[in-house]
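This briefing covers two topics: how two chains meet, and where one residue sits.

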Amino acid sequence: MTALTCTLLASFTTPMRIDTNAASMLWLIPLVVAIAVVYKATKVHQIRARAFAKETALLIGSIMVFVTVAALILYGVAWLVTEQLPAMAGGSAF
Amino acid sequence: MPRTWKDNHALFLIVIGLLAWIVPGGGHFALNQRRRAIVILVTVVLTFLVGLYAGSIGVIDPVNAKPWYVAQLMNSPAVFFLGQISASGQFPVFGRAGEIGQIYTSIAGLLNLLCIVNAIYTAHLEGLKGARA
């Protein structure tokens, strides 16, 4: 077995190092692409490269916008509950 | 009595479903939808492999993560054998990488389930068309 094959197989036996920061949210993007591609592949009547790419890109965009809006709303709610409400009540939430 | 296995509608649908499960896109390939089959194969396999690469083979955990394992099994029966290997517990899985790996491999499985259902439905429609013709 060559060194390259060994390295390749070994990379599947140990997890990657992924921090729990905001940048790790970017892992969402490939997943959204995969979901959009497979969904559109089952929906379109015939797969033609340009039309398929266009429809998939539109779906990816829609999902990304919706996820961003949902994240902003949730962030706002969390900020209200953990920062603003305790300040109004005169104490910490924790 | 049915003349060919395609004439036996239920058997035809089962075979298409099994093909779609064994190899992602296999059902559509059998229905002569080659492009669709290739798109499905590449996307599902790539998503599954990215999940395994991120979280290690240990994300397939038939012992401690059964609901995730059920979704992962939808990728292919080959996942069952990977589960047997990882059940020994010698492959570490932890933290955000483990979560991402689990999500990727499970979503890949659920996407393939969508394709299996779609392939069976398409085969059913083709069968109806054939019966009318």
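This is a predicted model: local features need pLDDT of at least 70, side-chain atom pairs count only at pLDDT 80 or more; totals for chains, interfaces and linings use all residues.

Between them, chain A and chain B bury about 2400 Å². Phe12(A), Pro15(A) and Val38(A) supply 26% of the area that chain A buries against chain B, more than any other three residues.

**Extent of the interface**
- The contact involves 26 residues of chain A and 29 residues of chain B.
- Carbon and sulfur atoms account for 74% of the area buried between chain A and chain B.

**Polar and charged links**
- Between chain A and chain B there are 10 residue pairs in polar contact, counting pairs with both residues at pLDDT 80 or more.
- The number of salt bridges between chain A and chain B is zero.

**The chain A side**
- Helix H2 (residues 28-43) of chain A gives nine residues to the side that touches chain B, the largest share.
- By type, the residues on this side of chain A are 16 nonpolar, eight polar and two charged.

**Ile85(B)**
- Ile85(B) lies in helix H5 (residues 78-86) of chain B.
- Its relative accessible area is 42%, which falls between the 20% limit for buried and the 50% limit for exposed, so Ile85(B) is classed as partly exposed.
- Leaving aside residues up to four places away in sequence, Ile85(B) touches Ile57(B), Gln90(B) and Phe91(B).
- Ile60(B) is 25 residues from Ile85(B) along the chain, and the C-alpha atoms of the two are separated by 9.2 Å.

How values were computed. Residues are numbered from 1 along each chain as its sequence is written. Chains are lettered from A and ligands numbered from 1 in the order in which they are written. Side-chain values use heavy atoms; hydrogens and water are left out. Contact means heavy atoms within 4.5 Å. Buried area is the accessible area (1.4 Å probe) that two parts lose on being put together, summed over both. A salt bridge is a side-chain nitrogen of Lys or Arg within 4 Å of a carboxyl oxygen of Asp or Glu. A polar contact is a pair of N or O atoms within 3.5 Å; within protein, one must be able to donate a hydrogen and the other to accept it, and residues adjacent in sequence count only if both atoms are side-chain atoms. Helices (H or I, at least four residues) and strands (E, at least two) are DSSP runs, numbered from the N terminus. Ala, Val, Leu, Ile, Met, Phe, Trp, Tyr, Cys and Pro count as nonpolar, Asp, Glu, Lys and Arg as charged, and the others, Gly among them, as polar. Buried means under 20% relative accessible area, exposed over 50%, partly exposed in between (1.4 Å probe, protein chains only).
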